[in-house]
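Look at the structure below before reading on.

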Amino acid sequence: MQTGSKVYIAGAGIISAIGNNIAQCIAALENSNAGIGEMQQLTSVHKKTLPVAEVKASNKILAEWAQLPANITRTALLGTIAARETLHNAGIRNFNGLRAGLLSANSVGGMDKTEDFYALFLKDNTAGRLRNVINHECGSATKIMANALGIKDFITTVSTACSSSANAIFFGARLIKNNILDVVVAGGADALTRFTLNGFNSLMILDNEACKPFDENRKGLNLGEGAGYIVMLSEKALQVLNAQPVCTLSGYCNANDAYHQTASSPSGTGSFLAMKGALQKSGLQPSAIDYINLHGTGTKNNDVSEGTAIKEIFDPHYPKMSSTKSFTGHTLGASGGIEAVFSMLAIQRGFIYPNLRFTTQMKELPFMPETTFAKGVEVNHVLSNSFGFGGNCSSLIFSKI
Amino acid sequence: MEEANIYINAVAGISPQSVFNEGFSQSVIKPSGNRFVCMEPDYDELIDAKLIRRMSRIIKMGTAAALKCLQQANVEIPGGIVMGTAYGCLQDTEIFLKRIIDYKEEMLTPTAFIQSTHNTVGAQIALLLQCHNYNNTFVQSGHSFESALLDGALLLKEDEMNEVLVGAADEITPASHAILERFGLYKKQAGDNGFYNYTSKGTVAGEGACFFLLSNVQGEKNIAKLNGIETFLDVPDEEVENKINQFLAAHHLSINDIDLIIAGRNGDKKNDAVYDMLDKNIFTDKQTINYKHLCGEYPTSSSFALWLALKLVKDAGAAQFLCNQIINRDVKKILIYNHYLHTYHSLLLAGAC
């Protein structure tokens with residue numbers, strides 16, 4: 001088995017509240033333009049009270065970009081747009097007979113359409129348009145995307161709440177290492193829904209202003225939406241497709257906090273194990289990490305738990321770190337994908353992203369996140385954290401070649 | 001998947017048949033109308049009564065089957081927990097959706113939302129065991145279980161661990177049944193003239209939770225070997241035979257080496273045409289049995305097929321009553337072929353060690 005073989009990342013694609021493609025997202029990151037604001041696309045009674053990070057386009061416009069019908073789920077539209085950019089970004093026009101797979105992730109599948117259907121269905125179970133529930137299942141968006149991209153050999157979808165995309169990426173890397181696939185498009189997509197908005201609101205972990213991750217005075221998270229994908233290639237695929245590798249996926253680990261269905265343990269056990277395992281897998285010392293893209297949701301609970309685990313591993317030499325959720329909101333099943341794109345860009349272009357709206361260091365932690373955008377920095381290794389409900393914690397490490 | 005030594009040490013399933021505990025009832029339970037409902041065991045023996053009260057049906061079924069599987073394998077903490085579920089936790093999803101609508105997005109309690117996420121079953125198992133190890137949930141319709149099985153087998157092949165718990169769980173609720181019925185998936189009335197008689201369109205709704213303890217250590221604990229997993233998408237009926245031959249060849253086998261075929265017929269004429277075609281060609285003269293008269297049709301039903309395969313490998317005599325025909329008792333190698341809605345095809349190969 002080729003466990004020693006490398007997994008190369010050759011391109012990325014993204015759509016989020018701060019931009020509809022890589023170039024727009026970079027411009028927003030560089031100019032500290034967050035995508036958080038009043039709801040424009042989603043219909044909810046919380047429109048005026050709960051800020052969200054929406055993709056700034058209607059389904060009709062997204063459908064035009066995705067070259068898909070406007071009546072399919074927003075999740076599938078967002079995913080298709082970002083995944084198409086991914087292949088384009090890597091210069092891959094076709095797979096030249098190589099085994100290609102799509103490993104995607106989301107948290108609520110086609111819920112954006114289901115919740116419209118369900119209101120009618122509840123009154124009369126013969127009512128509601130079936131086309132609004134036909135793509136309810138999480139796997140459905142992935143199948144639509146695979147058809148759009150011409151990926152036929154293997155598809156699957158991971159749903160482990162907020163760590164979904166990270167797990168999809170790392171399963172994809174393992175499929176390459178095990179010589180099952182040569183080309184893997186991996187990441188995740190999630191659309192905002194009333195279901196998740198009200199779910200998080202019922203847990204009382206949403207901030208009614210723009211979130212302040214890792215700040216002493218943080219009040220909660222803002223939900224976001226979007227999609228982020230990377231394309232990973234085997235050594236052979238790099239040659240056959242004549243693609244240029246940007247970085248490698250050098251480390252990954254999945255661990256479980258086993259503490260509570262939604263809350264993280266104060267000690268950050270799951271986060272600690274995920275980061276430590278990823279470092280071990282990559283063979284790197286903590287001091288080799290140049291930047292951590294934090295899970296950093298902005299909830300009291302997550303940030304202290306994640307921060308405590310970071311302290312345990314990195315003290316006293318802390319890498320630069322920030323939560324880009326201060327730009328994109330928490331995109332749930334898409335977050336690991338979106339943040340993988342930011343991690344790849346950090347290595348490729350020497351970027352360090354600011355943690356917006358940070359003012360006061362957390363009293364529990366001896367470190368604070370970066371507050372200004374930097375470029376031209378030597379970034380060799382990036383650690384990206386994705387932790388979530390169900391205690392599911394995953395960390396990825398991206399490394400310069 | 002390439003050849004690797006993956007063993008199965010234990011299996012436990014909750015299904016519409018009363019087979020959770022040893023000592024089968026020896027009679028096959030038929031569906032009521034166009035729907036099978038799982039025979040749920042007494043959960044008190046496995047899970048704390050206080051916890052049971054808070055769990056929805058799929059969480060109870062999933063965790064109980066998982067715990068039973070671990071108990072049988074005599075494993076306290078597995079090296080990993082990998083789940084497949086196409087629909088996730090429907091009951092809690094519906095409860096929360098209804099409350100959002102009824103209470104107009106105000107004054108909601110989080111319990112149903114918390115338990116609605118697709119990783120709830122895997123997470124609950126980890127929580128009950130205090131298992132901090134690898135934990136993953138796949139949600140790809142008719143390939144959800146196969147993805148979980150592939151992940152689990154690769155974890156063992158990579159030597160990340162020696163034992164991994166792999167399972168699948170899907171439930172039907174009155175709402176999901178009504179919706180899928182409107183899509184034309186199920187028979188208008190269940191035929192009294194046998195599950196596989198094509199007098200009407202559609203199939204019978206099914207559900208279940210089956211778990212397997214996989215190991216990469218050869219020894220007395222092994223009840224079977226998992227020889228291969230293969231999935232393919234959108235393949236026309238006439239190309240399936242080729243796929244089967246390629247799969248067998250990749251495992252240095254031919255159809256002559258297979259003692260028993262478990263086929264995914266579901267009683268719908270169009271769905272089953274491919275199985276009829278295979279029977280006339282590659283499966284001619286092979287022992288072929290069906291399994292969906294026992295569990296109904298659902299996206300992760302291949303987990304039940306694997307459960308049945310293992311029961312037959314272990315003791316064909318004891319499991320004979322579940323089969324729709326008399327089978328040769330000496331079953332060493334079993335090939336499972338199933339497709340879900342012509343999109344998700346899978347081949348599983350299991351056999352005696």
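What follows is a short walk through this predicted model.

Start with chain B. Its domain assignment gives two parts: domain 1 covers 6–215, and domain 2 covers 224–351. Taken over C-alpha atoms, the centres of domain 1 and domain 2 of chain B are 21 Å apart. Where the two touch, domain 1 of chain B supplies 42 residues and domain 2 of chain B supplies 36 residues.

Consider the domain 1 side of this contact in chain B. The elements that give two or more residues to it are strand 1 (6–14), helix 6 (144–157), strand 4 (163–170) and strand 5 (208–215). Helix 6 of chain B has the largest share, with 6 residues. Sorted by class, this side of domain 1 of chain B holds 23 nonpolar, 15 polar and 4 charged residues.

Next come the nonpolar cores. In soluble globular proteins, nonpolar side chains tend to be buried together. Here the largest nonpolar core has 231 residues, and those with the most contacts inside it include A:Met232, B:Cys69 and B:Leu214. Leaving out residues up to four places away in sequence, A:Met232 touches A:Val7, A:Ile176 and A:Leu249, among others. Another core, of 14 residues, lies apart from the largest one; among its residues are A:Val133, A:Phe195, B:Leu97 and B:Ile100.

Finally, is B:Pro236 buried or exposed? B:Pro236 has 8 C-beta neighbours inside 10 Å, so it counts as exposed. B:Pro236 sits in the loop between strand 6 (224–233) and helix 8 (237–250) of chain B. From B:Pro236 to B:His342 there are 106 residues in sequence, but the C-alpha to C-alpha distance is 7.8 Å.

Note on methods:
Residues are numbered from 1 along each chain as its sequence is written. Chains are lettered from A and ligands numbered from 1 in the order in which they are written. This is a predicted model: local features need pLDDT of at least 70, side-chain atom pairs count only at pLDDT 80 or more; totals for chains, interfaces and linings use all residues. Domain bounds come from an automatic or database domain assignment. Two residues are in contact if their C-beta atoms, placed from the backbone, lie within 7 Å. Helices (H or I, at least four residues) and strands (E, at least two) are DSSP runs, numbered from the N terminus. Ala, Val, Leu, Ile, Met, Phe, Trp, Tyr, Cys and Pro count as nonpolar, Asp, Glu, Lys and Arg as charged, and the others, Gly among them, as polar. A nonpolar core is a set of buried Ala, Val, Leu, Ile, Met, Phe, Trp, Tyr and Cys residues joined through C-beta atoms within 7 Å. A residue is buried if 20 or more other C-beta atoms lie within 10 Å of its own, exposed if 12 or fewer, and partly exposed in between; C-beta atoms are placed from the backbone.
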